Amino acid sequence: MSAFTEILDRLPFDTSALRKLPVPGLSGDCLLELDLARGVAETAPTSPIEALRERHTPTLHALLEGLRDAADDPKVRGLVVHACAPTLVPAHAEEVRDAVERFGDSGKPVVAWAETYGEMTNGVAGYLVATAADEVWLQPTGYLQITGAAAEAVFLREALDKTSIEPQFDRRHEYKSAMETFTERHITEANREMLQSLTDSAVEAFLAGIARGRGLEPDDLRGVLDEGPLAPGRALDLRLIDRIGYRDEAYASLRARVGAEDDIELRYVERYDSGFSGLESIRGRGRKVVAIVQAAGPIHLGRSGSAPMGGRSIGSDSLAAALRHVAKDDKVGAVVLRVDSPGGSAVASDAIRREILQVKADKPVVASMGSVAGSGGYYISMPCTEIVADATTLTGSIGVLGGKFVAQGGLDRLGIHRALIETGRYAGMLSSQRAFTEEEWTLLSRILDDTYADFTSKAAEDRDLPLEELEPLARGRVWSGAQAVEHRLVDEVGGLDAAVGRACALAGLDPDRTETRISPKLGLLDRFMPADNSDSPISTAAGDLSARGIVRAGLGAMFGEGVPLLDDALAALGLGTTGVLTMTPVRWR
């Protein structure tokens, strides 16, 4: 009797129609495909426009869940990984690699292939995933380009000087280097020290994973980094790949290994799981679940955003409503807060922290850090019962910055003149028309001191560290996940699956029998409906999706407050000024 038939036999109604339906992922033997060339999304689309734009991009959660379920499914005969992954970020590479390795531990064959592991780019992320396979292929004309890790810092001060725009910022403390993008012409020693430490830590993580997969020692690989791009023959000699060949040859090899015909069904990992997970949900009815609450993007007050042409953001109202929803749900035994955020507003982060403490009083909450969880992103992670981060996660950045751009000089050069009329001693303090007065500088300094003191004291309390031990680890410094574990800012190195495992352990749940569920999960129509109150899950939907809301968002982007053209230019560079808890932007190369 199949699992599907067994489940249908238990249902208290006529299931004859259901028995005739095809079941995705369980209808016959198949080979799974993990196509990293399509990218990996941190979160599911939050609007119809996003869903259309990202319809071919699988989410990390779907990939991990699919590989986990497929390992125990006898109808899945093997896995092929397309590991040419130019957009894959290091943290996602770590998590997908671990999932592929666990799949291989089930005894099923795994083949990885790529046209090239880097083509005039660093291919280490895709290759890191490939090394979890038991057979690694490379196209004859491709290269293996694993050259280490590099981080870029951008400095705009000279460009701003040429446009007569004056940046006026202050910070707490020397490692809080996000403001240096605007205030410096060259990298400072503190910033250089921090970035060098991050790239060193990333290389150590890469080498450890590659060495484990290829049966080598990390020291054996250090010389490879300095050879530059390796031709297929050289990579084969160094035991970094197993076979040289094209896609059709790699697929034929896998089919031969499993004794399958040429017409065996191929199924993307995330598409396979669309049927299997549904059956598991029925099988697990009545059991506690682990709710995954997603927090992706800059942090601000109000509702989460998802602009038609922009990225996602974390609104404190929306995330708080999601947390209250899982807190009240008796079906939820534990919560995983998936954080991928460079921070932003201090007061919004503090409001979210309060909600996490409320949930934590009744059920365990484990923070799972993605690519970045720094400054405000760390603020909303630190109150959780435990924190799990990837080795290459960018985290920490316990520090504060604040200030403004004085743009009137540049506007004067363009013949644009504005008048500022003030009533109130500090009414024009944040205006871009004039510089700070001495009194205003003093006030800004006091605000930053107070915010820094509040951040560090709460971090010390949440992490159960003496303040005098935590403060030297703060000062705005960004740490890798591996470094953060050493300094007790994070509890464990691992990905989303590891965080779910810790949540199950803390709640006394069996990880092999416990379902994970993105929560709250809203239907398409729900996103267009108004919420009845601030506790409604509907209030967690991102942005205003009405036609009026989309037009208003577009007009706001063009004619909103501040200096729109400058804001747009900074956003295009991956920079932003969303709040005093914004972390240093780090761009991997």
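The conversation below takes these topics in turn.

Mentor: Please keep in mind that this is a predicted model.

Trainee: What is the volume of the second largest cavity?

Mentor: The volume of the second largest cavity is about 60 Å³.

Trainee: And which residues line the second largest cavity?

Mentor: Its lining consists of Val124, Ile146, Gly148, Phe206, Leu207, Ile210, Leu221, Val224 and Leu225. Helices α9 (189-214) and α10 (218-225) each supply at least two residues of that lining.

Trainee: What is the make-up of that lining by class?

Mentor: Eight of the lining residues are nonpolar and one is polar, with no charged residues.

Trainee: Turning to helices, is α4 mostly covered or mostly open?

Mentor: Helix α4, residues 60-70, is mostly covered, as nine of its eleven residues are buried.

Trainee: Which residues of α4 are buried?

Mentor: They are Leu60, His61, Leu63, Leu64, Glu65, Gly66, Leu67, Asp69 and Ala70.

Trainee: How do α14 and α15 pack, then?

Mentor: Helix α14 (residues 316-328) packs against helix α15 (residues 346-360) at an angle of about 0°, and the axes are 9 Å apart. Because angles under 35 degrees count as roughly parallel, α14 is roughly parallel to α15.

Trainee: Which residues make that contact?

Mentor: From α14, the contact uses Ser316, Leu319, Ala320, Leu323, Arg324 and Ala327, and from α15 it uses Ala348, Ala351, Ile352, Glu355, Ile356 and Val359. By class, nine of these residues are nonpolar, one is polar and two are charged.

Trainee: Now the backbone. Where are there cis peptide bonds?

Mentor: One joins arginine 172 and histidine 173, with omega about 5°. Histidine 173 sits in the loop between β6 (166-172) and α8 (180-183). Another joins serine 519 and proline 520, with omega about -5°. Proline 520 belongs to the loop between β20 (516-518) and α22 (547-559).

Trainee: What is phi at methionine 120?

Mentor: Methionine 120 has a positive phi of about 60°, although it is not a glycine. Its place is in the loop between β3 (110-113) and α6 (124-130).

Trainee: Is methionine 120 buried or exposed?

Mentor: Methionine 120 is exposed, with a relative accessible area of 78%.

Trainee: And what about arginine 239?

Mentor: Arginine 239 also has a positive phi, near 65°, and is a residue other than glycine. Arginine 239 lies in the loop between α11 (232-237) and β7 (243-244). With a relative accessible area of 49%, arginine 239 is partly exposed.

Notes
Residues are numbered from 1 along each chain as its sequence is written. This is a predicted model: local features need pLDDT of at least 70, side-chain atom pairs count only at pLDDT 80 or more; totals for chains, interfaces and linings use all residues. Side-chain values use heavy atoms; hydrogens and water are left out. On a 1 Å grid over the protein atoms alone, a cavity is a set of points where a 1.4 Å probe fits but cannot get out, and a pocket is an open set with protein on both sides within 12 Å along at least five of seven lines; lining residues have an atom within 4 Å of a point. Grid points are joined across faces, edges and corners, and a volume is the space filled by probe spheres set on the points. Helices (H or I, at least four residues) and strands (E, at least two) are DSSP runs, numbered from the N terminus. Ala, Val, Leu, Ile, Met, Phe, Trp, Tyr, Cys and Pro count as nonpolar, Asp, Glu, Lys and Arg as charged, and the others, Gly among them, as polar. Buried means under 20% relative accessible area, exposed over 50%, partly exposed in between (1.4 Å probe, protein chains only). Axes are lines fitted to C-alpha atoms, for helices over the stretch in contact, and angles run from 0 to 180 degrees between N-to-C directions. Angles under 35 degrees count as roughly parallel, over 145 as roughly antiparallel, 65 to 115 as roughly perpendicular and the rest as oblique. Contact means heavy atoms within 4.5 Å.
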